[in-house]
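Work through the exercises below with the model open. Each task is followed by a stepwise solution.

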Amino acid sequence: MDRMDVQVLRCFVAVADGVTVTQAAEEAHMTQPALSRALRRLELEVGAELFQQVGRVLRLTPAGRAFKEHADAALERLDRALRAVHETVS
């Protein structure tokens, strides 16, 4: 199994929360096609389709909802850890 890219995980959460892939890509300083490919690789790594295209909008699949719950928790823990390190060295 590959290592998940934290930036892609943050983009996944943003898109799951309703941000467009284009907006998420811009915020991550990526192109939209690059982020779309990264999200597809994430789905391959997870082993399930995380989004379903409904018209022009991406909606979470049941697997995507389950994954997002854990991704939110993992990113929150990572952010707390980074803040703790920052406070320690400041």
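**Exercise 1. Find which residues have the most contacts inside the largest nonpolar core, and how many residues the core has.**

Solution. A nonpolar core is a set of buried Ala, Val, Leu, Ile, Met, Phe, Trp, Tyr and Cys residues joined through side-chain atoms within 4.5 Å. Buried means under 20% relative accessible area, exposed over 50%, and partly exposed in between (1.4 Å probe, protein chains only). Step 2: note the source. This is a predicted model, where local features need pLDDT of at least 70, side-chain atom pairs count only at pLDDT 80 or more, and totals for chains, interfaces and linings use all residues. Residues are numbered from 1 along each chain as its sequence is written, and side-chain values use heavy atoms, with hydrogens and water left out. Step 3: read off the result. The largest core has 21 residues, and F12, L35 and F67 have the most contacts inside it. Step 4: assign elements. Helix 1 (6-16), helix 2 (21-27), helix 3 (32-46) and helix 4 (62-89) each give two or more residues to this core. Helix 1 gives the largest share, seven residues. Helices (H or I, at least four residues) and strands (E, at least two) are DSSP runs, numbered from the N terminus. In soluble globular proteins, nonpolar side chains tend to be buried together.

**Exercise 2. List the contacts of L35, leaving aside neighbours within four places in sequence.**

Solution. Contact means heavy atoms within 4.5 Å. With that cut-off, the partners of L35 are C11, V21, A24, A25 and M30.

**Exercise 3. Describe helix 1: which residues are buried, and what do they pack against?**

Solution. Step 1: the buried residues are V8, L9, C11, F12, V13, A14 and V15. Step 2: they pack against helix 2, helix 3, helix 4, strand 1 and strand 2. Step 3: take V13 as a case. V13 counts as buried because its relative accessibility is 11%. Beyond neighbours within four places in sequence, V13 is in contact with K68, A71, D72 and L75. Its C-alpha atom is separated by 9.5 Å from that of A24, eleven residues apart along the chain. Step 4: check the ends. D5 caps the N-terminal end, with a side-chain oxygen 2.7 Å from the backbone nitrogen of Q7. G18 follows the helix and has a positive phi, near 110°.

**Exercise 4. Locate H29 and decide: buried or exposed?**

Solution. H29 sits in the loop between helix 2 and helix 3. H29 is exposed, because its relative accessible area is 76%. Its phi is positive, about 60°, although H29 is not a glycine.

**Exercise 5. Characterise the largest pocket: what is its volume, and which element gives the largest share of its lining?**

Solution. Step 1: the volume is about 520 Å³. Step 2: of the 20 lining residues, V15, V21, Q53, V57 and L58 are the closest to the centre. A pocket, on a 1 Å grid over the protein atoms alone, is an open set of points where a 1.4 Å probe fits, with protein on both sides within 12 Å along at least five of seven lines; lining residues have an atom within 4 Å of a point. Step 3: helix 1, helix 2, helix 3, strand 1 (51-54) and strand 2 (57-60) each supply at least two lining residues. The largest share, five residues, comes from helix 3. Step 4: the lining has nine nonpolar, six polar and five charged residues.

Terms used: Grid points are joined across faces, edges and corners, and a volume is the space filled by probe spheres set on the points. Ala, Val, Leu, Ile, Met, Phe, Trp, Tyr, Cys and Pro count as nonpolar, Asp, Glu, Lys and Arg as charged, and the others, Gly among them, as polar. A polar contact is a pair of N or O atoms within 3.5 Å; within protein, one must be able to donate a hydrogen and the other to accept it, and residues adjacent in sequence count only if both atoms are side-chain atoms.
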